[in-house]
Amino acid sequence: MTMQRSLGVCYYPEHWDEAIWMKDAADMAALGLTWVRIGEFAWGRMEDAAGNLDFDWLDRSIKILGNAGLKVVLGTPTATPPRWMLDRHPDMLAVDEQGRERKFGSRRHYCFSHEGYAQECDRIVEEMARRYGNNPHVAAWQTDNEYSCHDTTLSYSSAAQSAFRNWLRASFTPKGANDGDISALNAAWGNVFWSMDYADFDEIDLPNLTVTEANPAHLLAFRRFSSDQVVRFNKRQCDIIRAHSVAPITHNFMGQITDFDHYEVGDDLDFASWDSYPLGFLEDRVNAPEEHKRAFARQGDPDFQAFHHDLYRTVGKGRWWVMEQQPGPVNWAPYNPAPLDGMIRLWSWEAFAHGAEAVCYFRWRQAPFAQEQMHAGLQKPDATPAPAMAEAAQVAHELSDAPSVTPAKAKVALIFDYAADYMWSIQPHGRGLCYFDLVFQTYRALRRLGQSVDILPPTTRNFEGYQLVMAPGLMHMTEELKTALTQAKTNVIFGPRSGARDVHMATPVPLPPAISKLDVTVEYTESFRSDSPIELTQGGAFQGFREEISGAADVIETTQNASPAMMRSGNMSYLAGWPDTAAFQRILKRELQEVGLKTLDLPMGLRVRETGAERFWFNTTQETISLEGRDFAPISVTRDAL
Amino acid sequence: MTMQRSLGVCYYPEHWDEAIWMKDAADMAALGLTWVRIGEFAWGRMEDAAGNLDFDWLDRSIKILGNAGLKVVLGTPTATPPRWMLDRHPDMLAVDEQGRERKFGSRRHYCFSHEGYAQECDRIVEEMARRYGNNPHVAAWQTDNEYSCHDTTLSYSSAAQSAFRNWLRASFTPKGANDGDISALNAAWGNVFWSMDYADFDEIDLPNLTVTEANPAHLLAFRRFSSDQVVRFNKRQCDIIRAHSVAPITHNFMGQITDFDHYEVGDDLDFASWDSYPLGFLEDRVNAPEEHKRAFARQGDPDFQAFHHDLYRTVGKGRWWVMEQQPGPVNWAPYNPAPLDGMIRLWSWEAFAHGAEAVCYFRWRQAPFAQEQMHAGLQKPDATPAPAMAEAAQVAHELSDAPSVTPAKAKVALIFDYAADYMWSIQPHGRGLCYFDLVFQTYRALRRLGQSVDILPPTTRNFEGYQLVMAPGLMHMTEELKTALTQAKTNVIFGPRSGARDVHMATPVPLPPAISKLDVTVEYTESFRSDSPIELTQGGAFQGFREEISGAADVIETTQNASPAMMRSGNMSYLAGWPDTAAFQRILKRELQEVGLKTLDLPMGLRVRETGAERFWFNTTQETISLEGRDFAPISVTRDAL
Amino acid sequence: MTMQRSLGVCYYPEHWDEAIWMKDAADMAALGLTWVRIGEFAWGRMEDAAGNLDFDWLDRSIKILGNAGLKVVLGTPTATPPRWMLDRHPDMLAVDEQGRERKFGSRRHYCFSHEGYAQECDRIVEEMARRYGNNPHVAAWQTDNEYSCHDTTLSYSSAAQSAFRNWLRASFTPKGANDGDISALNAAWGNVFWSMDYADFDEIDLPNLTVTEANPAHLLAFRRFSSDQVVRFNKRQCDIIRAHSVAPITHNFMGQITDFDHYEVGDDLDFASWDSYPLGFLEDRVNAPEEHKRAFARQGDPDFQAFHHDLYRTVGKGRWWVMEQQPGPVNWAPYNPAPLDGMIRLWSWEAFAHGAEAVCYFRWRQAPFAQEQMHAGLQKPDATPAPAMAEAAQVAHELSDAPSVTPAKAKVALIFDYAADYMWSIQPHGRGLCYFDLVFQTYRALRRLGQSVDILPPTTRNFEGYQLVMAPGLMHMTEELKTALTQAKTNVIFGPRSGARDVHMATPVPLPPAISKLDVTVEYTESFRSDSPIELTQGGAFQGFREEISGAADVIETTQNASPAMMRSGNMSYLAGWPDTAAFQRILKRELQEVGLKTLDLPMGLRVRETGAERFWFNTTQETISLEGRDFAPISVTRDAL
């Protein structure tokens with residue numbers, strides 16, 4: 001199987017005089033773009049008063065774009081309900097953890113649990129799907145825009161409270177029963193602990209503003225519920241669109257958002273996509289030393305985009321795009337520098353190297369008004385080219401030489417579980433301990449060793465073809481996952497905190513990890529000061545977190561005071577702490593070599609990625625890097641045939 | 001007089017299958033424990049719906065424990081009202097300073113001023129006292145649990161507002177009058193200042209959310225009122241229990257809580273107790289350099305526990321326990337490491353050295369559910385021994401060799417006043433200036449000089465037997481205290497800020513300290529940058545705070561620009577600033593030697609403490625410490641007979 | 001023209017026993033004071049219950065002061081409405097950005113938009129103006145006190161919401177029309193962006209608590225509205241006073257308050273005044289390195305007071321006072337040290353050197369109660385002299401030798417625009433980028449080069465007499481200003497961000513700065529890490545912010561990677577970034593020398609300022625400074641005749 005590679009752009013016809021549409025469309029096509037995404041914030045133009053629908057302008061816009069040879073990705077506008085919607089549904093707003101309504105005046109001003117608003121969304125999506133479901137130019141759909149952006153997954157509204165109670169009631173209704181069993185909830189949550197028992201589901205509040213921390217079971221249930229509300233909201237739109245259209249459906253996910261289960265949303269999509277802003281992410285989200293941020297301030301972190309490319313490839317079941325690609329300085333990070341020359345091209349090719357089918361730049365023309373005026377586009381506000389335009393043209397040109405990709409399965413897999421992130425964030429046990437960071441540091445270590453990596457959901461049952469599976473930090477593991485990993489013919493590295501909790505966040509007895517084939521038991525857990533790492537005998541250290549483990553498995557790593565740090569039974573190992581960079585590199589290099597994989601020692605700014613037919617090298621530094629007798633030029637993409 | 005030393009444990013029978021109770025009890029007794037505290041969070045099991053009382057399980061539990069030879073400390077469960085209580089008293093919740101209700105879902109979800117809830121507490125305590133007042137196994141009572149934990153003393157609810165108005169009205173009702181005199185309040189508070197006069201007590205709001213800082217008199221009144229509400233709440237329970245039981249009553253206080261007057265609560269108890277978590281406190285509460293925290297991360301601060309031991313010995317009028325002793329990693333501090341081997345034993349003996357009658361470990365078995373799953377116990381969740389078990393056994397064994405203590409009065413006293421802490425926190429005058437820190441640094445300096453210290457309340461009138469009394473930072477001093485100190489045959493060191501305010505937080509004229517025998521006047525006060533200490537001529541410096549003083553007293557210390565830094569008249573001195581470590585050590589060494597006390601120069605990790613018959617040495621470092629030709633082993637307790 | 005120099009003091013007769021008034025007045029006069037400000041917080045004494053007026057005490061006080069030879073500045077008491085006012089107008093309180101009412105209990109507890117309260121202010125001002133309008137001792141009036149202190153300009157109350165809607169409706173009512181045009185607002189704000197269009201002005205909420213940032217146009221409108229509310233509030237009082245009195249009217253402004261347009265308030269006053277607290281400002285407001293703050297902790301920043309002197313000279317159209325001069329330690333800064341000996345005198349003379357007519361010390365006697373007890377006065381609370389008294393006496397004595405000033409126009413002007421500050425704060429584009437700092441750093445650079453500086457409002461149209469005009473950061477420039485500057489016979493330096501937005505915060509096309517005579521275009525803008533400055537070829541660097549510029553103008557500065565950094569067409573230049581200290585000094589020195597102005601290289605602690613007839617030198621360091629063969633003593637004022 002091969003897939004076509006193409007480029008696109010995000011466009012807002014409603015922002016510009018209709019007189020310019022034709023030229024814009026022609027210019028996009030001339031640039032070599034295939035796709036144009038429109039519509040996702042335009043509810044106010046589609047329906048300027050309740051029931052007063054106007055799609056004529058959108059008809060014209062789609063026609064002009066289509067006639068220029070462009071394919072349209074049509075967005076549903078549900079992230080920006082117009083002001084009149086508030087009059088119809090005054091209680092539709094989300095409420096923040098402090099109990100404050102999150103008001104109209106920007107975007108994403110809705111609570112996922114509000115049924116009245118959800119029905120309005122059904123209605124507008126139905127209108128659009130009916131009208132454009134068979135439009136020859138509408139070649140794909142996007143639902144809503146960036147779920148969870150601006151922390152909008154968790155809402156503490158009364159709509160959310162009612163929905164949460166119903167969700168709990170349903171969760172605790174035994175098979176065949178008519179109603180929920182509150183005593184089962186009390187038992188599962190351990191509510192006896194501080195006399196927190198409930199007599200009825202309707203007594204359960206949302207877990208905010210409690211005197212001290214709420215029951216972690218309560219918090220975890222709320223996190224799972226909130227994720228389900230996003231899944232459900234998205235699925236309603238997908239179902240309506242599919243009833244009228246065969247065009248594929250996507251959603252544009254974001255970077256380092258762990259508030260809902262992206263795999264589950266992905267299950268309702270035809271392909272995944274995400275919005276990639278490497279410079280904004282570096283300053284705003286990547287947890288790295290200031291020195292690292294300074295070194296990559298105009299290139300972005302060398303692994304952060306790649307991680308999400310690999311993640312969303314899985315979320316999209318192999319099919320994915322970059323729906324928004326940063327084209328220059330953005331407006332929202334602590335610092336918003338211009339990328340170095342060549343980075344727009346590099347980011348584009350990096351996405352293709354990880355299997356992207358399309359890369360769409362955000363946005364065609366920089367907006368001259370409202371919130372994102374400082375966000376660059378391919379054009380400046382005066383419709384002249386911005387610096388990114390030339391690089392986009394170069395990529396378009398280069399695609400003619402490499403128009404398709406043969407996907408490849410990696411030899412190394414890394415399991416990433418959204419629920420594990422909920423659980424670590426609910427009880428991190430020590431300052432700064434974050435599941436996403438643990439997984440990302442594992443990923444970075446593998447990438448520095450030259451590996452291509454597949455990211456897998458915790459629902460994976462078939463690990464065939466992988467020679468090493470990394471499973472760090474999975475605080476809860478189902479028996480099915482344990483069994484699948486136990487039976488897999490691959491090396492597996494668990495820990496820390498693997499299986500530390502049951503599905504309700506309680507501690508299982510016998511003690512974790514309770515994997516029968518791996519005779520290891522966690523005796524106790526400790527967090528410690530970041531300035532006091534615990535050295536490993538063979539080099540490197542645990543930082544911030546470790547577990548005291550025991551058992552009959554072989555001890556293959558020890559701490560300097562002789563506690564086991566890693567134990568192994570056959571092809572399964574348990575790593576009982578959070579390794580620093582040196583320990584990660586050393587341990588993973590040994591494991592990779594044991595399973596027969598070639599490793600490289602890549603400097604921070606050089607990365608390699610293989611597809612089925614090509615090997616790409618990316619140098620994101622401003623220096624030439626030499627590796628094994630070969631020179632990689634500064635800010636460069638190198639493509640080898642395999 | 002001598003007092004017996006014993007060990008105990010905290011236990012939650014309601015958390016475990018009744019089948020295991022018998023074995024638990026037997027194991028406790030076999031370990032050498034005497035005491036077992038139960039019941040303090042079990043209201044939900046005693047009364048699962050309003051009025052539906054069930055004490056049968058508690059009867060059985062007490063019987064099993066008692067039959068195993070254990071003595072029960074029975075806690076009233078008023079820190080955890082069940083969910084149904086909220087239906088009966090929807091306005092019983094506390095409100096935080098920002099005006100948000102502090103919701104159900106954890107513990108301590110009540111406002112001390114809510115009379116309806118207080119009556120529910122009366123009822124459940126009465127039920128328990130009637131039922132267990134003469135139970136032969138119930139050998140002590142604990143009221144509620146950790147007053148003020150999670151910042152629960154101050155509440156801004158409407159119940160608190162009404163109660164505050166009534167409290168003020170009563171405070172300003174002249175003897176013999178029927179109603180309060182609002183003009184007296186206006187005058188005492190200086191409300192003329194910004195036209196803040198009130199026409200009636202019912203016009204007075206709680207002092208939160210004012211445009212800028214509220215009148216300090218207003219804030220201080222609210223702090224005193226809030227303290228009184230805790231005292232009153234506790235006294236109601238004590239009075240009810242005493243009507244039915246002769247067993248002694250205690251409450252388990254906490255570390256570095258200054259929100260209410262512990263001496264006054266102590267007046268209604270038979271003995272004091274406190275919950276000692278050395279590692280959690282070090283990271284979460286002790287104000288010390290990071291280097292100090294790193295050095296003692298697994299031992300705890302060398303003075304923090306001792307300070308509270310000495311404080312609660314006074315609060316309990318000589319009788320006190322450690323009710324909860326940290327047994328391993330806890331769950332609530334920024335970092336939660338395991339203690340070094342030997343520390344559980346060391347902490348236990350340190351408590352006994354300071355006069356504790358009992359040390360109870362928290363808790364028997366680590367909970368496998370709810371908020372405190374990461375909190376170690378003597379047993380792991382699977383009922384196997386945790387590391388602390390062996391050390392507890394060792395202490396139990398060693399107690400047979402030192403089963404009792406002869407209390408001793410120290411030669412040095414340090415006055416600690418909760419109201420002074422209110423006043424410093426209301427007007428610190430400079431960033432980071434905190435009364436508790438001033439007192440604690442005074443204590444640490446004395447301890448480093450080898451002194452045993454008695455901590456005294458500001459109501460002390462008899463200072464007989466003390467050779468030096470430290471009275472730092474007493475922003476308000478009653479005339480009775482000034483007289484008592486003036487007439488005492490002991491050296492007294494006042495300052496800084498001694499007597500700076502009257503009882504309503506106003507500045508007295510003539511200017512402070514206004515102690516007739518000590519001819520010193522504070523001309524003005526200044527705070528300054530922490531990076532700009534003011535050097536003292538004889539060594540060391542003032543840090544952050546000093547006063548310009550004048551008068552006829554002798555100048556015995558000067559700053560480098562020749563201002564008086566310490567002045568003396570006879571046996572009374574005034575220290576006009578906040579000394580750094582070097583100045584504290586130098587000045588106090590001279591003072592101690594002047595009154596004929598032997599001083600030592602102890603390194604940070606070595607401390608000495610005398611009882612009536614023994615001298616204990618504690619080395620909390622991992623190195624051997626040599627002192628005066630003698631070696632103290634790492635992490636060790638050394639007991640000399642006197 | 002020459003103006004008299006005099007001294008004064010702030011006094012609160014209502015705080016003291018009437019028996020002491022006569023002696024206080026005599027002592028003030030004996031000290032050499034001319035002015036005494038009273039009354040501004042005394043509403044509660046003028047009207048202790050609604051309608052129960054009592055001015056007798058104030059009559060007596062004014063008479064006593066006047067008979068002693070003092071001139072009274074009478075303050076309106078509207079900053080401190082009494083408690084009974086809340087009963088009449090329960091909704092008069094301001095509401096903070098988080099939606100919380102800002103309660104009674106301190107001062108400034110009112111919303112500028114509340115008409116009911118405004119009418120109460122009309123009433124009390126009318127009463128005072130009628131009674132004292134012709135009083136021979138009342139020689140000036142002060143309106144209210146420190147507008148915006150404690151962040152009180154912005155209010156999110158329902159009164160503010162209604163007023164904002166009306167303000168917008170009026171703003172968007174075309175000439176001759178009867179009602180506002182909401183479509184014009186939607187277009188001007190670019191509300192199409194995220195479907196934020198409104199159908200009616202009454203749909204527009206205040207721009208707080210939005211899900212993410214509100215539309216910058218929305219925020220800017222709210223800032224302009226809020227400023228207008230202050231202007232309107234002040235003007236009502238001025239109009240009432242003027243109907244009854246010919247005495248001049250002032251208001252006491254503050255340091256670094258940019259929440260409202262001080263020029264516009266100034267237009268309704270007869271002279272400006274401000275409250276100068278050099279030590280408090282240094283710690284609390286000046287953005288400078290810690291080392292700088294340590295060096296000037298007891299002297300204050302060497303430029304901060306001067307900047308405000310020059311600013312308020314313009315606000316007062318040439319006439320201005322220091323209404324409150326710090327006399328010793330204050331109570332409100334993070335650290336509150338005593339000034340070095342001589343600083344009270346130095347600050348007084350510095351004000352006179354910048355053209356002040358009067359300097360009034362705050363306050364006569366330190367308050368022994370309420371919020372400001374830790375704030376020094378000329379007297380201590382016991383009525384004995386505080387350290388400042390002697391310095392005030394010295395200044396009074398010295399004034400006899402220099403009793404008047406001949407104002408002088410500077411050769412260098414610096415435009416300061418409050419609306420530019422709103423705009424930078426709404427979209428700074430990078431962390432820490434603050435318009436006030438940019439202007440202040442420009443001012444400091446000019447002052448270090450020995451210049452006297454005039455600060456001008458953006459409404460200036462006549463630049464005659466200036467040889468250099470600095471116009472940094474004016475994000476919006478009217479066409480009238482552009483024209484005036486283009487036609488002026490002076491060198492002008494624009495940038496960065498000059499004209500970057502239109503009056504509604506939208507980006508203009510053609511792109512900025514769009515000054516026809518200056519052929520420069522901003523291609524794009526970037527912010528960057530503070531640890532990664534962009535070096536300039538000729539020395540120094542841009543820090544944090546720069547613009548990529550192009551055009552036909554001459555390139556006179558370049559960055560190290562060859563981008564233009566400064567361009568010039570004739571006498572107009574554009575500086576395309578934020579210079580660091582070295583770049584500022586180098587560039588401005590060259591510009592000053594080009595226009596023929598002599599420059600000095602002053603160290604941080606030495607400043608020079610010229611009036612029409614004198615040159616003053618101020619050394620604020622503790623060392624002797626030598627400059628061009630002349631020695632300036634530590635903490636000294638040197639006055640040369642010109």
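Q: Is Ala562(B) buried or exposed?
A: Ala562(B) is exposed, because its relative accessible area is 59%. The cut-offs are under 20% relative accessible area for buried and over 50% for exposed, with partly exposed in between (1.4 Å probe, protein chains only). Keep in mind that this is a predicted model: local features need pLDDT of at least 70, side-chain atom pairs count only at pLDDT 80 or more, and totals for chains, interfaces and linings use all residues. Residues are numbered from 1 along each chain as its sequence is written, chains are lettered from A and ligands numbered from 1 in the order in which they are written, and side-chain values use heavy atoms, with hydrogens and water left out.

Q: Where does Ala562(B) lie?
A: In chain B, in the loop between strand S20 (554-558) and strand S21 (564-569). Helices (H or I, at least four residues) and strands (E, at least two) are DSSP runs, numbered from the N terminus.

Q: And what phi does Ala562(B) have?
A: A positive one, about 75°, although Ala562(B) is not a glycine. Most residues other than glycine have a negative phi, and most peptide bonds are trans.

Q: OK, what about Ser195(C), what's its phi?
A: Ser195(C) also isn't a glycine, and has a positive phi of about 55°. Ser195(C) sits in the loop between helix H7 (182-189) and H8 of chain C. Ser195(C) counts as buried because its relative accessible area is 2%.

Q: Which peptide bond involving Arg363(A) is cis?
A: The one from Phe362(A) to Arg363(A), with omega near 10°. Arg363(A) is in the loop between strand S10 (358-361) and helix H14 (387-399) of chain A. In chain C, the bond from Pro512(C) to Pro513(C) is cis too, with omega near 0°. Pro513(C) belongs to strand S16 (residues 513-515) of chain C.

Q: Switching to charges: how many salt bridges does the structure hold?
A: Over all chains, 168. A salt bridge here is a side-chain nitrogen of Lys or Arg within 4 Å of a carboxyl oxygen of Asp or Glu.

Q: What does Glu290(A) pair with?
A: Its side chain meets that of Arg529(C) in a salt bridge, 2.3 Å from N to O. This pair crosses between chains: Glu290(A) is in helix H11 (residues 290-295) of chain A, and Arg529(C) is in the loop between strand S17 (518-527) and strand S18 (534-535) of chain C. Glu290(A) is partly exposed at 48% relative accessibility, while Arg529(C) is buried at 4%.

Q: And how far apart in sequence are the parts that Arg236(C) and Asp122(C) tie together?
A: Arg236(C) forms a salt bridge with Asp122(C), the closest N and O atoms being 2.7 Å apart. Arg236(C) is in helix H8 (residues 216-242) of chain C and Asp122(C) is in helix H5 (residues 115-132) of chain C, so the pair ties together parts 114 residues apart in sequence.

Q: Let's do helices. How many residues of H8(A) are buried?
A: 19 of the 27, so H8(A) is largely enclosed by the rest of the structure. Helix H8 (residues 216-242) of chain A reaches 39 Å from its first C-alpha to its last, close to the 39 Å expected at 1.5 Å a residue. That expected span is 1.5 Å times one less than the number of residues.

Q: What about H13 in chain A, how many of its residues are buried?
A: There it's 11 of the 11, so helix H13 (residues 343-353) of chain A is largely enclosed by the rest of the structure. Among the buried residues are Trp347(A), Trp349(A) and Phe352(A). Just after H13(A), Gly355(A) takes a positive phi of about 105°.

Q: Last one: what is Phe296(B) in contact with?
A: Leaving aside neighbours within four places in sequence, Phe296(B) is in contact with Leu279(B), Leu282(B), Pro302(B), Met604(B), Gly605(B), Thr620(B) and Thr621(B). Contact means heavy atoms within 4.5 Å. Phe296(B) is in the loop between helix H11 (290-295) and helix H12 (304-315) of chain B, and counts as buried at 6% relative accessibility.
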